[in-house]
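The tour goes stop by stop, each beginning with a selection.

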Amino acid sequence: MLRIGWIVVVILMCCTGASAVSADDVQITVLYDNYVTDARLETGWGFSCLITGLQKTILFDVGGNGAALRGNMEKLGHDPGTVDAVVLSHGHYDHIGGLPVFLSLHSDVEIYLPRSFPDGIKGDIRKTGARVEEVAEPTQICDGAHSTGEMGAGVVEQALVVETSLGPVVITGCAHPGIVAIVREAKRMTGSDVYLALGGFHLTWMNTRQITDIARQLMEEGVKKVAPCHCTGDRARGIFARMYMDRYIGIGAGSKLIMNHGASMRKTGKGR
Ligand SMILES: [Zn+2]
Ligand SMILES: [Zn+2]
């Protein structure tokens, strides 16, 4: 079946905000990635993160290895039973492989997946008791969290748009439809420039000139900060780090980003 590693990172940034987490904070914790910032965690190819602080606790993708996801959640102090909704970006194993283990722990959840997912997968999910929400168009998951709906002509994928007091945060699985296209859709949906784009940017197959062009386009679109991980690739991460400078956030499994109401973002964990 699907095997993947994990990474956990915790990110820590300059702490310009209050140290206490307020009720208004939105927190994004990377649970699974091929980069890691917390050495206790298991790493593997794939991606998963947890969004807390909204009406619903949202698990975005589940990585490729459910045992690793479970272990990492435990080490990070996150109970699977608290998850209200799971958003699956696309059907590749490194984003959905952990689902059987997760649903064996907690199946009283809504699963938001692209409508084009195979019927077999939808049926298997329903058998566990989980509720399948098929997404085609932009869809509200709860106050402050929306799916872009299905995007892309090749690998169909949805991204998650989370509204925070700092601006919209876009979370991508692999960004197969293109990170720039996804950011533009998030801008269209929210009417605001994107504060942070986070997740897999899918740039490993591009050369330096192409990656530089993508980074420039994101800047031109007004993306203030970037936190590329998973399938972004080392070369692209390096280019983004140089171009975005202190607005680049190095993340991996274990990274936690806290979007404070008071206009600051704290990051816990290390690594780039
Ligand atoms: Zn992927
Ligand atoms: Zn993929």
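Select helix H1 (66-75) and look at what lies over its buried residues: the cover includes E1, E2 and helix H3 (99-105). Keep in mind that this is a predicted model. Now show the side chains of Gly66, Ala68, Leu69, Arg70, Asn72 and Met73, the buried residues of H1. Step just past the end of H1 to Gly77, where phi is positive, at about 80 degrees.

Select strand E2 (residues 47-52) next. Is E2 enclosed or open? Of its 6 residues, 5 are buried, so E2 is largely enclosed by the rest of the structure.

E1 and E2 run antiparallel and are joined by 6 bridges. For a landmark, pick Tyr32, which stands opposite Ser48 in E2.

Cys49 has Phe60 of E3 as its bridge partner. Follow the chain through the hairpin of E2 and E3: 5 residues lie between the strands, and Gly53 has a positive phi near 100 degrees.

Most residues other than glycine have a negative phi. Two residues here are worth a click against that background.

Start with Asp61, in the loop between E3 and H1. Its phi is positive, near 60 degrees, and Asp61 is not a glycine. Is Asp61 buried or exposed? Asp61 has 33 C-beta neighbours inside 10 Å, so it counts as buried; the cut-off is 20 or more.

Then jump to Met245, in the loop between helix H7 (234-244) and strand E13 (256-259). Met245 is another non-glycine with a positive phi, about 50 degrees. Here there are 8 other C-beta atoms within 10 Å, so Met245 is exposed.

**The six-stranded sheet**

Select E7 through E12. They form an open sheet of 6 strands in the order E7-E8-E9-E10-E11-E12, and the pairing is mixed. Which strands stand at the edges? They are E7 (139-142) and E12 (225-229); each has a single partner strand, so one side of each is left without a neighbour in the sheet. Turn the view along the sheet: neighbouring strands are turned by 20 degrees against each other on average, direction ignored.

Zoom in on strand E10 (residues 167-172) and strand E11 (residues 196-200). This pair runs parallel, joined by 4 bridges. Val169 has Leu196 of E11 as its bridge partner.

**Into the core**

Select Ala197. The largest nonpolar core has 78 residues, and Val86, Val170, Val183 and Ala197 touch the most other members. Beyond its neighbours within four places in sequence, Ala197 contacts Val170, Ile179, Val183, Leu218, Val223 and Val226.

**Last stop: a helix pair**

Show helix H5 (residues 179-190) and helix H6 (residues 208-220). Their axes come within 10 Å and cross at roughly 10 degrees. H5 and H6 are therefore roughly parallel to each other. Which residues make the contact? On H5, they are Ile179, Val180 and Val183; on H6, they are Ile214, Gln217 and Leu218. Colour this contact by class: it has 5 nonpolar residues, 1 polar and no charged.

Conventions
Residues are numbered from 1 along each chain as its sequence is written. Chains are lettered from A and ligands numbered from 1 in the order in which they are written. This is a predicted model: local features need pLDDT of at least 70, side-chain atom pairs count only at pLDDT 80 or more; totals for chains, interfaces and linings use all residues. Two strands pair if DSSP finds at least two bridges between them. Helices (H or I, at least four residues) and strands (E, at least two) are DSSP runs, numbered from the N terminus. Axes are lines fitted to C-alpha atoms, for helices over the stretch in contact, and angles run from 0 to 180 degrees between N-to-C directions. A nonpolar core is a set of buried Ala, Val, Leu, Ile, Met, Phe, Trp, Tyr and Cys residues joined through C-beta atoms within 7 Å. A residue is buried if 20 or more other C-beta atoms lie within 10 Å of its own, exposed if 12 or fewer, and partly exposed in between; C-beta atoms are placed from the backbone. Two residues are in contact if their C-beta atoms, placed from the backbone, lie within 7 Å. Angles under 35 degrees count as roughly parallel, over 145 as roughly antiparallel, 65 to 115 as roughly perpendicular and the rest as oblique. Ala, Val, Leu, Ile, Met, Phe, Trp, Tyr, Cys and Pro count as nonpolar, Asp, Glu, Lys and Arg as charged, and the others, Gly among them, as polar.
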